[in-house]
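Please keep the sequence and the coordinates open while reading.

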Amino acid sequence: MLIKIKKASDVSEHQVTDQAVYLNRRQFMRNSALSIAALSGTSNVLAGLQEGNLITPPASLAPYFNNIKETSFGMGEKVAPFDVATTYNNFYEFGYGKGDPAKRAENFKPDPWNITVEGEADIVGTFALEDIIKEHQLEERIYRLRCVEAWSMVVPWVGISLGEVLKKFKPNSKAKYVYFETLYDPSQFPGQNGGNIKWPYREGLRIDEAMNDLAFLSVGMYGSVLPNQNGAPIRLVVPWKYGFKSIKSIVKIRFVETMPETTWNLLAPQEYGFYANVNPGVDHPRWTQKQERRLPGGLLFPNVIDTQMFNGYQEEVADLYKGMSLVKNY
Ligand code: MTE
């Protein structure tokens, strides 16, 4: 007999939405954009989602979005309203204000999109986005996103397991890490014309972290493609790490032997490490990481909750760090 044991990452009662809401959400995922208006207001995923909010997938990606697999990841989580997840963003290529990406990303061109794969792998080259996703079925995963700035939200991502994609390139035994880079194009990203960041934005994972089942390559959210401000057309989502690891608008994947440079570690190494695992036991030098503001919230209702080790995904990822000091390797 199969016994389902509740994992620590499964949600607690106060986060659980009722069954009707959940069924409506699943229904929504299966239906076309037209049905969205009819359902609007009936589910927490749909809260704030109005007809017209959703971006129609380009023709090259549309077939994949018609066939999104349901998963149990985050089932029952209270998802952030679409308008919160798409107007409160960190995407410094579009500016430093939380509202800047939504205001300035409108003309960004995520289609067509190519990704270059290089380094320690048998299969390297430049691939169109659709060639990277075409052998996989898109799936929906609802994950908690915890920013190092101590806010968080729950987002229903659409994408593919990162490990499954990486394996297709046949990384060799020297591939100890994988490095990712965002597009460098100051004509589209006004923020890249200055500032202290060494552009392009860059991130990396140890190869075993990248192969962990939770690591996700997202091409969508709320059942459709990613809005530009959320990292269109393809971004990483690493839910047990602080949000800055979840690099947006990826154009380069490189398999490497040594720990790669990462944007925030380059900028302030004493504040942001390579690992950046969510850890309430290791404070940021300038603020506590013991708690977080779960969005949406407001001045009168800040919605402060305790931060969980590995953002609540300890059962899935703690083994990756056995014997390592997470104080030293922050
Ligand atoms: N990727 C790029 N290229 N540029 C960025 O500024 N910000 C990171 C991450 N990915 C960032 C990025 C940070 S700090 C966070 S918290 C998340 O994106 C925010 O993702 P969201 O705006 O979709 O919530």
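## Conventions

Helices (H or I, at least four residues) and strands (E, at least two) are DSSP runs, numbered from the N terminus. On that basis P233 is placed in the loop between β8 (224-225) and β9.

The model is a predicted one, in which local features need pLDDT of at least 70 and side-chain atom pairs count only at pLDDT 80 or more, whereas totals for chains, interfaces and linings use all residues. Residue numbers start from 1 along each chain as its sequence is written, and side-chain values use heavy atoms, with hydrogens and water left out.

## The ligand site

Seventeen is the number to start from: of the 17 residues around the ligand, N89, Y92, E93, R235 and K248 come nearest, where a residue is near a molecule or strand if one of its heavy atoms lies within 4 Å of it. The shell divides into eight nonpolar, six polar and three charged residues; in this classification Ala, Val, Leu, Ile, Met, Phe, Trp, Tyr, Cys and Pro are nonpolar, Asp, Glu, Lys and Arg are charged, and the others, Gly among them, are polar.

A polar backbone atom of N90 lies 3.2 Å from a nitrogen atom of the ligand, and a polar side-chain atom of E93 is 2.8 Å from a ligand nitrogen atom. For R235, an N or O atom of the side chain is 2.7 Å from an oxygen atom of the ligand. Taken alone, the ligand exposes 540 Å², and the protein buries 98% of that; accessible areas come from the Shrake-Rupley method with a 1.4 Å probe, and for residues only the protein chains shown count as cover.

## The sheet around β10

Five strands form an open sheet of mixed pairing, in the order β2-β1-β10-β5-β6, two strands being paired if DSSP finds at least two bridges between them. At the edges stand β2 (125-128) and β6 (202-206), each with a single partner strand, so one side of each is left without a neighbour in the sheet. From one strand to the next the twist averages 20°, based on axes that are lines fitted to C-alpha atoms (for helices over the stretch in contact), with angles running from 0 to 180 degrees between N-to-C directions.

Strand β10 (residues 250-256) is largely enclosed by the rest of the structure, because five of its seven residues are buried, a label that means under 20% relative accessible area, while exposed means over 50% and partly exposed in between (1.4 Å probe, protein chains only). Strand β1 (residues 114-119) runs parallel to β10 and is joined to it by four bridges; V117 has I253 of β10 as its bridge partner, and G119 stands opposite F255 in β10. Strand β5 (residues 177-182) pairs with β10 in the antiparallel sense over six bridges, and there T182 is partnered by I250 of β10.

## Buried residues in loops

W240 belongs to the loop between β9 (235-237) and β10, and with 0% relative accessibility W240 counts as buried. Although W240 and R144 are 96 residues apart along the chain, their C-alpha atoms are separated by 8.4 Å.

In the loop between β5 and β6 sits Q192, which is buried at a relative accessible area of 4%. The side chain of Q192 reaches the backbone nitrogen of D185 at 2.7 Å.

## Backbone exceptions

Most residues other than glycine have a negative phi, and most peptide bonds are trans. The peptide bond from A232 to P233 is cis, with omega near -5°, and the bond from L295 to P296 is also cis, with omega near 5°. P296 lies in the loop between β11 (291-294) and β12 (304-306).

N303, found in the loop between β11 and β12, has a positive phi near 55° and counts as partly exposed at 23% relative accessibility. F310, in the loop between β12 and α10 (314-317), has a positive phi of about 50° although it is not a glycine, and at 5% relative accessibility F310 counts as buried.

Definitions and conventions:
Polar contact = N/O pair within 3.5 Å; in protein donor to acceptor, adjacent residues only side chain to side chain.
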